[in-house]
Amino acid sequence: TSPCDRPVPATAGLSHDKWEIDPAELMLLEELGSGQFGVVRRGKWRGSIDTAVKMMKEGTMSEDDFIEEAKVMTKLQHQNLVQLYGVCSKHRPIYIVTEYMRHGSLLNYLRRHENTLGGNVGLLLDMCIQVCKGMAYLERHNYIHRDLAARNCLVGSENVVKVADFGLARYVLDDQYTSSGGTKFPIKWAPPEVLNYTRFSSKSDVWAYGVLMWEVFTCGKMPYGRLKNTEVVERVQRGIILEKPKNCFKEVYEVMRQCWSQFPDDRPSFRNLKEQLSVVSQGLL
Ligand SMILES: CS(=O)(=O)c1ccc(C(=O)Nc2cccc(-c3cn4ccnc4c(Nc4ccc(C(=O)N5CCOCC5)cc4)n3)c2)cc1
């Protein structure tokens with residue numbers, strides 16, 4: 001066959017996929033935790049940038065689809081979203097590299113600091129408002145989280161709280177986690193339309209946000225206590241909602257109740273929640 005006589009485009013080889021991180025620029029440090037998805041370690045990127053590196057165990061996620069989505073996720077930038085720096089996808093396991101949050105998950109932080117946080121309603125409300133701001137940004141970009149909960153938010157210095165792993169749930173392969181009948185499905189954070197039809201939307205994120213507010217004001221209690229998933233589904237479908245936490249102002253509980261309206265359209269948007277919560281915050285403090 002005749003050699004290709006087309007000129008080589010000037011950009012050939014220069015296409016630095018900016019969401020692709022060179023593992024040689026990453027120095028892996030101590031383990032931060034692990035789960036069925038693999039291990040998370042602290043890392044230094046380009047010598048000085050603190051990162052968290054999620055090393056995704058093979059078979060836990062549909063990697064090619066995730067890598068494609070990573071291009072979009074790196075563009076989602078907000079002070080209350082854990083920034084995705086990029087991925088190392090040229091080897092297995094793939095690495096998901098994000099900004100580092102030094103105090104770990106919001107859930108563990110609430111439980112560890114219950115004695116100091118419990119009485120500080122202003123701080124608890126501020127944490128809720130920070131999560132709401134991150135979620136309002138995702139809502140504005142028509143981006144659905146699908147697994148909003150205190151365990152999926154992270155705490156940094158000066159009580160900064162950020163939303164993590166937005167959209168990641170779509171790529172988890174474990175159908176115990178993805179199907180609403182599965183043992184790992186987050187039933188206690190799901191509204192009726194997700195339980196019945198797996199219909200996710202920003203309004204199903206708002207329902208989950210109401211449960212996150214309850215987690216914050218109970219300093220990390222398990223919603224519905226030790227009730228079995230089937231019992232929770234039955235209650236949610238009958239319109240029974242979580243009770244008001246002890247040290248929670250009724251104005252704050254009123255916001256949670258709105259998030260738990262049976263019909264998605266009756267729930268506020270995150271944009272509206274942000275306004276309501278700042279009025280409540282000014283009124284109470
Ligand atoms: C449902 S799923 O899609 O399969 C899924 C499941 C799990 C995950 C996931 O990322 N999990 C996970 C597990 C462990 C650490 C992370 C994890 C992710 N991060 C992203 C940014 N920063 C962090 C971070 N920071 C931590 C964690 C723990 C400590 C710590 O040791 N502390 C003790 C002393 O006091 C301070 C805190 C410190 C910083 N931990 C994330 C993501 C997706």
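Q: How many bridges join strand 2 to strand 3?
A: This is a predicted model, in which local features need pLDDT of at least 70 and side-chain atom pairs count only at pLDDT 80 or more, while totals for chains, interfaces and linings use all residues. Residues are numbered from 1 along each chain as its sequence is written, and side-chain values use heavy atoms, with hydrogens and water left out. Strands (E, at least two residues) and helices (H or I, at least four) are DSSP runs numbered from the N terminus, and two strands pair if DSSP finds at least two bridges between them. Strand 2 and strand 3 run antiparallel, and the number of bridges that join them is eight.

Q: Which residue has a positive phi in the turn of the hairpin formed by strand 2 and strand 3?
A: Within this pair of strands, Gly38 stands opposite Met56 in strand 3. The hairpin has three residues between its strands, and the residue in the turn with a positive phi, of about 55 degrees, is Arg46.

Q: Which residue in strand 2 stands opposite Gly35?
A: Strand 1, residues 26–35, and strand 2, residues 38–45, pair in the antiparallel sense over seven bridges. These two strands form a hairpin with two residues between them. In strand 2, the residue opposite Gly35 is Gly38.

Q: What distance separates the C-alpha atoms of Gly35 and Pro23?
A: Gly35 lies in strand 1, and its relative accessible area of 32% makes it partly exposed, where buried means under 20%, exposed over 50% and partly exposed in between, with a 1.4 Å probe and protein chains only. Gly35 and Pro23 are 12 residues apart along the chain, and their C-alpha atoms are separated by 22 Å.

Q: What is the count of salt bridges?
A: Side chains of opposite charge can pair when their charged atoms come close. A salt bridge is a side-chain nitrogen of Lys or Arg within 4 Å of a carboxyl oxygen of Asp or Glu, and Glu30, Arg42, Lys44 and Asp50 are linked in a network of such bridges. By this rule, the count of salt bridges comes to 17.

Q: How many residues apart in sequence are the parts that the pair of Arg46 and Glu25 ties together?
A: Arg46 forms a salt bridge with Glu25, with the closest N and O atoms 3.1 Å apart. Because Arg46 lies in the loop between strand 2 and strand 3 (49–56) and Glu25 in the segment before strand 1, the pair ties together parts whose separation in residues is 21.

Q: By about how much of a helix are Glu68 and Lys71 separated?
A: Glu68 forms a salt bridge with Lys71, and their closest N and O atoms are 3.0 Å apart. Glu68 is partly exposed at 48% relative accessible area, and Lys71 is partly exposed at 23%. Because they are three residues apart in helix 1, residues 63–73, their separation is about one helical turn.

Q: What is the C-alpha to C-alpha distance between Arg151 and Ser105?
A: Arg151 is found in the loop between helix 4 (121–140) and strand 6 (153–155). The side chain of Arg151 meets that of Asp147 in a salt bridge of 2.9 Å, N to O; Arg151 is partly exposed at 31% relative accessible area, whereas Asp147 is buried at 8%. Arg151 and Ser105 are 46 residues apart in sequence, and in space their C-alpha atoms are apart by 5.6 Å.

Q: How much of the accessible area that the ligand has on its own does the protein cover?
A: A polar contact is a pair of N or O atoms within 3.5 Å, and a polar side-chain atom of Lys54 lies 3.0 Å from an oxygen atom of the ligand. A polar backbone atom of Met101 is 2.9 Å from a nitrogen atom of the ligand. Accessible areas come from the Shrake-Rupley method with a 1.4 Å probe, and, of the 850 Å² that the ligand has on its own, the protein covers 73%.

Note on methods: A polar contact is a pair of N or O atoms within 3.5 Å; within protein, one must be able to donate a hydrogen and the other to accept it, and residues adjacent in sequence count only if both atoms are side-chain atoms.
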